Amino acid sequence: MLKKTLLGGAALISLFIVYVVYSLRAEGFLRTPQYDTVAPSIPKIQQSTASNILVLSKTNSFIHKEGIPAATKMLAELAVENGWNLYQTDNAATHNALDLSRFDVVVWNNTSGDILTLEQRQAFRTWLVSGGKWLGLHAAGGDTSYDWDWYVNTLLGAQFFAHTTSPQFQTATVSVADKSALTLHLPALWSIPQEEWYAFDRNPRDTGSSILLALEESSYRTDEWLMPDPSMPGEHPIAWTHPLGQGKVIYSAIGHTAATYSLASYRTFIANAINQLAAHQE
């Protein structure tokens, strides 16, 4: 009888483990990274005054199953509204010297995990510091290339360490830290409903970034018992920008949920960011 009970218990534990592993893999975790080595055939871009935008949504870790398609749709709509030439892909082999040279701006749409080969890293880094422009959305700064020191410390200037968990999605107030061309359309205090809020290990202002938007921590739950606690001492940046060599970086940690990409204010912020990067404006 005891033996049967033990065997039954072991079977249940095994089934539970299989379920947990299956669930994690379905969300994108516990996968062996898949690196793209053959670039897609990108349609010839007509020579014009239109800005050429490459969007990469490669994932080797958590998959933002709502955020990625919502951002993809938003960017496609903004391209029509703003007259951009837009190419969207999940193939990271586009990050080669020849293909990158065809684009004014590269957008990483909720990328996750380690997504570039060493050769692709070098091509992207060279393109960016030589005058390329990069926009990162949400997971591009929360779950991407954290074993690549240059990406974390130089391109981003901060490392994600926590997000809201109790509950995960909360309404919070964002303050405009820099009233510039990117943020002129926003109120001084901007309420964003039901988002996941990131915290970082440092303030990128300390290493030369200009903070565009900051979180008002009193507007969302940051209980001390949460591990890790999704708060930051002092200013809590949530979007920032800085030059990188001859290039420029803009990063926004906002954008986990699909609904956020339908917000008129956020769509305008992203359109302003891409237009500023593409036009080489300050």
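Predicted model: local features only at pLDDT ≥ 70, side-chain atom pairs only at ≥ 80, totals over all residues.
Started with threonine 89, which comes out buried, its relative accessible area being 12%; the cut-off for buried is under 20%.

Next I checked where threonine 89 sits, and it belongs to strand β2, residues 85-89.

Moved on to tyrosine 151. I found it in helix α6, which covers residues 149-156. Buried or exposed, this tyrosine 151? Buried, with relative accessibility at 0%. With neighbours within four places in sequence left out, I get tyrosine 151 touching Trp108, Trp134, Ala140, Thr144, Ser145 and Leu156. I also looked up glycine 141: it is ten residues from tyrosine 151 in sequence, and the C-alpha to C-alpha distance is 9.3 Å.

At what angle do α2 and α7 pack? I read about 60° for α2 (residues 67-82) against α7 (residues 264-279), and the axes are 11 Å apart. The two helices therefore count as oblique to each other. I noted the crossing of α2 and α7 as right-handed.

Then I listed who makes that contact. From α2 I have Met74, Leu75, Glu77, Leu78, Glu81 and Asn82, and from α7 Arg267, Ile270, Ala271, Ile274 and Asn275. Sorting the residues of the α2 and α7 contact by type, I get six nonpolar, two polar and three charged.

Technical notes
Residues numbered from 1 in each chain as written. Heavy atoms only, no water. Axes fitted to C-alpha atoms, helices over the stretch in contact; angles between N-to-C directions. Helix = DSSP H or I, 4+ residues; strand = E, 2+ residues; numbered from the N terminus. Parallel < 35°, antiparallel > 145°, perpendicular 65-115°, else oblique. Left-handed = near helix turned anticlockwise from the far one by under 90°. Contact = heavy atoms within 4.5 Å. Nonpolar A, V, L, I, M, F, W, Y, C, P; charged D, E, K, R; others polar. Buried < 20%, exposed > 50% of the residue type's maximum accessible area, 1.4 Å probe, protein only.
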